[in-house]
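Reader: I have the sequence and the coordinates open. Can we go through how the helices pack?

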Amino acid sequence: MDVTADQTLAQDLLKDLREAQSRLDAARAEAASLKVLLALRTHQHDQAWQEGQRLAAALADAQARAEAATVTRAEAQVSAASSEAAAMADERTEAVRTVLGAVLASIGHRALDRRRFQELIARAGREAPDQGPGAARHAVLLTEARRVLGIAE
């Protein structure tokens, strides 16, 4: 059988066409696998992004709670300090009342009985607590008693 040049050319073209078709099929298969891989990576990226957003929200919430706890602690300290200051002010007021009461109790017909006044102040000093807000009475009793007696500090 004699094969003409046209037939050889047609066979070569058919062979080239089949090779091109097989390469095209391989490229399509590779493109499909790349699409699957891209979809998988996109899904993983979305999950990672969502997890990052969730963690960022949890961090912000934890920071807000920590800040609220710090503010609450600071308010408690301020409240404790102000109540202690109020207690000390009450004790100083009570000490001044004690001195005034001692002055009134020591006034005789003509003048202040200094010995009686000093005894009353000494008794009040012994009765005053040595610790806590009541300890502020000692300094006030001493200062005001000296003022009443005319003793320079």
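Reader: What is the handedness of the crossing of α1 and α2?
Author: Keep in mind that this is a predicted model. Helix α1 covers residues 5-106 and helix α2 covers residues 114-127. The handedness of their crossing is right-handed.

Reader: Are α1 and α2 roughly parallel or roughly antiparallel?
Author: Their axes come within 9 Å and cross at roughly 150 degrees. Angles over 145 degrees count as roughly antiparallel. α1 and α2 are therefore roughly antiparallel.

Reader: Which residues of α2 make the contact with α1?
Author: On the α1 side, the contact uses Thr98, Val99, Ala102, Val103, Ala105 and Ser106. By class, the contact has eight nonpolar, two polar and one charged residues. From α2 come Arg116, Phe117, Leu120, Ile121 and Ala124.

Reader: At what angle do α2 and α3 pack, and are they roughly parallel or roughly antiparallel?
Author: The axes of α2 and α3 are 10 Å apart, and the angle is about 175 degrees. The cut-off for roughly antiparallel is over 145 degrees. So α2 and α3 are roughly antiparallel.

Reader: Which residues of α3 meet α2?
Author: α2 brings Arg114, Phe117, Gln118, Ile121, Ala124 and Gly125. The contact divides into seven nonpolar, three polar and one charged residues. The α3 partners are His138, Leu141, Ala145, Val148 and Leu149.

Reader: How many charged residues does the contact of α1 with α3 have?
Author: The axes of α1 and α3 come within 9 Å and cross at roughly 35 degrees, and the crossing is right-handed. Among the contact residues are Glu91, Arg92 and Glu94 of α1, and Arg137 and Glu144 of α3. Ten residues of the contact are nonpolar and one is polar; the charged ones number five.

Reader: How many residues make up the largest nonpolar core?
Author: Its members include Ala95, Val99, Phe117, Leu120, Val140 and Leu149. Each of α1, α2 and α3 supplies at least two residues of this core. In soluble globular proteins, nonpolar side chains tend to be buried together.

Reader: Is lysine 35 buried or exposed?
Author: Lysine 35 sits in helix α1. Its C-alpha atom is separated by 65 Å from that of serine 79, 44 residues apart along the chain. The relative accessible area of lysine 35 is 63%, and the cut-off for exposed is over 50%. So lysine 35 is exposed.

Reader: What does alanine 139 count as, at 48% relative accessibility?
Author: Alanine 139 lies in helix α3. Buried needs under 20% and exposed needs over 50%. Because its value is 48%, alanine 139 counts as partly exposed.

Reader: How far apart in space are alanine 139 and alanine 60, C-alpha to C-alpha?
Author: Along the sequence, alanine 139 and alanine 60 are 79 residues apart. In space, their C-alpha atoms are apart by 51 Å.

Note on methods
Residues numbered from 1 in each chain as written. Predicted model: local features only at pLDDT ≥ 70, side-chain atom pairs only at ≥ 80, totals over all residues. Heavy atoms only, no water. Axes fitted to C-alpha atoms, helices over the stretch in contact; angles between N-to-C directions. Helix = DSSP H or I, 4+ residues; strand = E, 2+ residues; numbered from the N terminus. Parallel < 35°, antiparallel > 145°, perpendicular 65-115°, else oblique. Left-handed = near helix turned anticlockwise from the far one by under 90°. Contact = heavy atoms within 4.5 Å. Nonpolar A, V, L, I, M, F, W, Y, C, P; charged D, E, K, R; others polar. Core = buried A, V, L, I, M, F, W, Y, C linked by side-chain atoms within 4.5 Å. Buried < 20%, exposed > 50% of the residue type's maximum accessible area, 1.4 Å probe, protein only.
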